[in-house]
Amino acid sequence: MSKLYCAGFRDRLFDKDPFPLAIWYPANVPEKPVRHMGVASSAARNAPFAGDGPFPIVMFSHGSEGHRFNQFWLAEYLARRGYIVAAPQHAGDNYLDASDARQLTIIERRPREMRLALDLLLDHSEIADQIDQDKIYALGHSAGGATVLKMAGWDFDAQAWQSYCAVNADTDKVICQFSPSDDHIDRLHQTYGGPVISERDDRIAAIIAITPAFGVAATDEGLGNVDVPMLFVEADTDEILHDHVNAAHFRKLLHGRAKFVRIKGAGHYSFLPKCTPYIAENFGYLCRDFGQERDVIHRTVEQVIHRFLDRVKTGEIQGR
């Protein structure tokens with residue numbers, strides 16, 4: 001059994017943040033009650049790192065219109081088991097500012113923000129030495145799942161997105177509300193030499209995509225260069241993303257190259273924190289689960305992800 005730590009926690013790590021960034025990490029100082037966006041938990045705020053690093057790091061990308069605390073429950077769990085988790089809050093696609101949510105600019109910007117966050121951490125006078133640079137992983141939920149897939153080398157095909165929405169705009173408003181125009185596609189050709197957007201980061205050694213969005217932009221060719229270990233965590237009932245063009249589509253394209261785990265009783269938002277009365281009253285759709293208590297769903301996800309990361313860390317799971 002792996003060693004258990006306390007979960008250290010620091011928020012707004014840099015004096016001049018390009019975006020708010022929170023980290024959770026192994027510590028030996030006792031945890032105390034904390035609240036993340038009104039949800040109660042426990043962590044050792046601003047504690048020193050445990051002395052037996054360096055530790056693997058998991059770069060985390062939240063879902064559309066979310067925030068850096070969306071999966072704090074998972075971050076704390078991994079920190080207690082020897083991982084650093086770092087979560088930037090994406091500009092223009094968060095709960096305070098959703099001006100660019102689900103648009104092409106975010107598809108381009110999100111991976112760059114993740115790369116910048118990793119650069120900043122690897123240049124941080126105290127934290128850099130705590131990071132095992134051979135064990136850098138990325139994890140994301142929904143739009144964050146698409147973000148980490150791009151970091152792993154997925155060439156996102158905006159032309160395929162446009163073509164899908166030309167036919168399905170009325171039945172898939174979530175994905176098609178801001179589908180690319182011809183002007184967008186022309187700009188991509190001018191910028192990248194084609195309708196694909198590539199943002200691969202060779203430092204990423206494995207990825208975990210929880211109910212990833214934008215599967216409509218995934219093609220055989222676009223996923224051809226993704227060669228790191230991959231775990232997909234699917235919702236049993238995804239009421240937001242159509243399964244056949246998201247989870248099932250990725251599964252078909254990546255058959256035999258990625259591990260897929262479907263979480264019983266989970267919906268798209270079951271991977272968010274347990275709902276407070278305020279959230280339930282004002283954002284009830286975020287509180288919908290489909291036959292399983294959210295705490296139970298979270299415990300299952302924690303175990304699935306921890307098992308995958310530990311097997312990657314030891315070399316038991318390797319990319320192709």
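The dialogue below takes up disulfides, aromatic pairs, nonpolar cores and strands in turn.

Modeller: Please bear in mind that this is a predicted model.

Biologist: What makes C165 and C176 a disulfide?

Modeller: The sulfur atoms of C165 and C176 are 2.2 Å apart, and the cut-off for a disulfide is within 2.5 Å, so the pair qualifies. The link has -85° about the S-S bond and is left-handed.

Biologist: Why are C165 and C176 called buried?

Modeller: Buried means under 20% relative accessible area. C165 has 5% and C176 has 8%, so each of them counts as buried.

Biologist: How do you know that C275 and C287 form a disulfide?

Modeller: Their sulfur atoms lie 2.1 Å apart; as the limit is within 2.5 Å, the pair counts as a disulfide. The torsion about this S-S bond is about -105°, and therefore the disulfide is left-handed. C275 is in the loop between strand 12 (259-263) and helix 8 (277-282), while C287 is in the loop between helix 8 and helix 9 (294-313), so the bond ties together parts 12 residues apart in sequence.

Biologist: Why are C275 and C287 described as partly exposed?

Modeller: Partly exposed covers the range between the buried limit, under 20%, and the exposed limit, over 50%. C275 has a relative accessibility of 27% and C287 one of 23%, so both residues fall in that range. C6, at 22%, is therefore partly exposed too.

Biologist: How many disulfides does the structure hold, and what is the pairing?

Modeller: There are two disulfides, and with the bonded cysteines numbered in sequence order the pairing reads 1-2, 3-4.

Biologist: Turning to the rings, what makes W24 and F69 an edge-to-face pair?

Modeller: The search of the whole structure finds 14 aromatic pairs, including W24 and F69, with 6.2 Å centre to centre and 90° between the planes. W24 lies in strand 2 (residues 21-27) and F69 in the loop between strand 5 (55-61) and helix 1 (72-79), 45 residues apart. W24 has 1% relative accessibility and F69 has 7%; as the limit is under 20%, both are buried.

Biologist: Why is the pair of F156 and W161 called edge-to-face?

Modeller: The ring centres of F156 and W161 are 5.7 Å apart and the planes stand at 85°, so the pair is edge-to-face. Both residues are buried. They also take part in a cluster linked by ring pairs, with W154, F214, F232, F250 and F260 as the other members.

Biologist: What makes you say that the charged end of R251 sits over the ring of F260?

Modeller: The charged end of R251 is 5.9 Å from the ring centre of F260, and the distance limit is within 6 Å. R81 lies over the face of Y77, at 3.7 Å from the ring centre.

Biologist: Which residues touch the most other members of the largest nonpolar core?

Modeller: L121, W154 and W161 do, in a core of 63 residues. Helix 2 (residues 104-122) gives the most to this core, with six residues. A second, separate core has 40 residues, among them V39, A206, I263 and F271.

Biologist: Why does T276 count as buried?

Modeller: Its relative accessible area is 16%, and buried means under 20%, so T276 is buried. T276 lies in the loop between strand 12 and helix 8, and beyond its sequence neighbours up to four places away T276 touches G38 and V39.

Biologist: Why is strand 7 described as largely enclosed?

Modeller: Eight of the 11 residues of strand 7 (residues 131-141) are buried, so the rest of the structure largely encloses this strand. Strand 7 runs parallel to strand 5, joined by six bridges, and M59 stands opposite A138 of strand 7. Strand 7 also pairs with strand 10 (residues 206-210) in the parallel sense over five bridges, where G140 has A209 in strand 10 as its bridge partner.

Note on methods: Residues are numbered from 1 along each chain as its sequence is written. This is a predicted model: local features need pLDDT of at least 70, side-chain atom pairs count only at pLDDT 80 or more; totals for chains, interfaces and linings use all residues. Side-chain values use heavy atoms; hydrogens and water are left out. Buried means under 20% relative accessible area, exposed over 50%, partly exposed in between (1.4 Å probe, protein chains only). Helices (H or I, at least four residues) and strands (E, at least two) are DSSP runs, numbered from the N terminus. Rings of Phe, Tyr and Trp (its six-membered ring) pair if their centres lie within 6.5 Å; planes under 30 degrees apart count as stacked, over 60 as edge-to-face and the rest as tilted. A charge sits over a ring if NZ of Lys or CZ of Arg is within 6 Å of the ring centre and within 35 degrees of the ring normal. A nonpolar core is a set of buried Ala, Val, Leu, Ile, Met, Phe, Trp, Tyr and Cys residues joined through side-chain atoms within 4.5 Å. Contact means heavy atoms within 4.5 Å. Two strands pair if DSSP finds at least two bridges between them.
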